[in-house]
Amino acid sequence: MEAALRVEGVSKRFGDVQALRGVSIEMNGSIHGLLGPNGAGKTTLIRILLGLLRPDSGSVELLGSNPMEDRSILLDVGVAHEKPALPGWISGRRYLFHVARLKRLEDAKQAVERVVNLFRLLPFIDRPISSYSAGMRQRVSLAAAFLGEPRLIILDEPTANLDPVGRHELRETISSMRRRGHRFLISTHYLSELDGLADEVTMLVNGRVVASGKLSCLQERYGGWVVETYEPPAEGQEADTIIEARALLETPNYEEARRLALRALQEGIQVEIRRLGLEDMFVRVILREGRKGGRRQV
Ligand SMILES: Nc1ncnc2c1ncn2[C@@H]1O[C@H](COP(=O)(O)OP(=O)(O)OP(=O)(O)O)[C@@H](O)[C@H]1O
Ligand SMILES: [Mg+2]
């Protein structure tokens, strides 16, 4: 698969703030998660990718073209910004038609109908956008990103204002579009939403890439099992690593986790074994790699 995007040595400073420091990323998979704490530089990077912001140094490529030089490549890219700047005085439907025209879609009417249904906009789509709730605005912004089903869709915090059903539906939509060959770059703080969906991730900390690559490689490196109990150990109980403090054991070895869990159960302690999720790995990578301030290719 051709790289959907390439970022090479990109740096960007805003006054005193060094927002990005030599960021390099290559997206070869279908769904790439862009992760990082507040202020890590995710939105800045997305704006540079879209040609909305010029980097101080480095280069970017989107679907094989430089978006600063070849604006037409953006016709193949959908985007939902973190803070969507929607006009207030027109209806959501007119806004979507406007976006459809900018994207030069052949059958704008059908394309708008499709996203109106997909994001369940019908109850409010003909009202002025100024009257929308935060979630309604977000759904219109998502609908605009999916309009015409572009090859690459970039979503910056797409679920921040969505209700649980909306989040579930978005996941299903992304999943089914992936099967049809569409690709996604998704920045989010809700990591559980990317679990089982993303095939690649990049973690940014303080403007630096601390991990980037296939999720399966990240799982191999940081993945494993956790044994948790919700009961503190009784006094004098024979309890080694597993039953220390809040009784948490972490191991890459499932058999070890199982053995300790069985022993705990024999001692009458309720435990649970679970696989380390993306969120657990994120915390570990940020803590371990972020402290070093270096880059690690996973
Ligand atoms: N236009 C700007 N002017 C000055 N500083 C900026 C500007 N845009 C971003 N920054 C700074 O650059 C850094 C990175 O910001 P950015 O919005 O890219 O972070 P983020 O990873 O998207 O964070 P969040 O998770 O909170 O959305 C922050 O320190 C921010 O204050
Ligand atoms: Mg952001």
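This is a walk through the structure above, from its overall layout to the shell around its ligand.

A word on conventions: the model is predicted, local features need pLDDT of at least 70, side-chain atom pairs count only at pLDDT 80 or more, and totals for chains, interfaces and linings use all residues. Residues are numbered from 1 along each chain as its sequence is written, while chains are lettered from A and ligands numbered from 1 in the order in which they are written.

Let's begin with the whole protein. The C-alpha trace spans about 70 × 45 × 40 Å along its principal axes. There are eight helices and 12 strands, where helices (H or I, at least four residues) and strands (E, at least two) are DSSP runs numbered from the N terminus. The protein is divided into domain 1 (5-219) and domain 2 (224-275), with bounds that come from an automatic or database domain assignment. Taken over C-alpha atoms, the centres of domain 1 and domain 2 are 41 Å apart.

How much of the protein is buried? Of its 298 residues, 39% are buried. Here a residue is buried if 20 or more other C-beta atoms lie within 10 Å of its own, exposed if 12 or fewer, and partly exposed in between, with C-beta atoms placed from the backbone. Two residues are in contact if their C-beta atoms, also placed from the backbone, lie within 7 Å. Among contacts between residues at least 6 apart in sequence, 69% join residues at least 24 apart.

Now look at helix 2 (residues 92-102), whose buried residues are Gly92, Arg93, Tyr95, Leu96, Val99 and Ala100. Seen down the axis of helix 2, these buried residues fall within an arc of 160 degrees, so they line one face of the helix. The arc is that of the directions from the helix axis to the C-beta atoms. Arg101 and Leu102 are exposed on the face turned away from the buried side of helix 2. The buried residues of helix 2 pack against helix 3 (108-118) and helix 4 (134-146). Just after helix 2 comes Arg104, with a positive phi of about 55 degrees.

Next comes the nonpolar core, a set of buried Ala, Val, Leu, Ile, Met, Phe, Trp, Tyr and Cys residues joined through C-beta atoms within 7 Å. The largest has 68 residues, of which Leu96, Ala143, Leu147, Ile154 and Met203 touch the most other members. Helix 4 gives the most to this core, with six residues. Leaving aside neighbours within four places in sequence, the contacts of Leu147 include Leu96, Val99 and Ala100 as well as Ala111 and Val115. A second, separate core of nine residues includes Val227, Leu249, Ala257 and Leu260.

Finally, turn to ligand 1. Its surrounding residues are Phe14, Val17, Ala19, Gly36, Asn38, Gly39, Ala40, Gly41, Lys42, Thr43, Thr44 and Glu82, each with its C-beta atom, placed from the backbone, within 6 Å of the ligand. Strand 2 (17-27) and helix 1 (42-49) each supply at least two residues of this shell, and helix 1 gives the most, with three residues.
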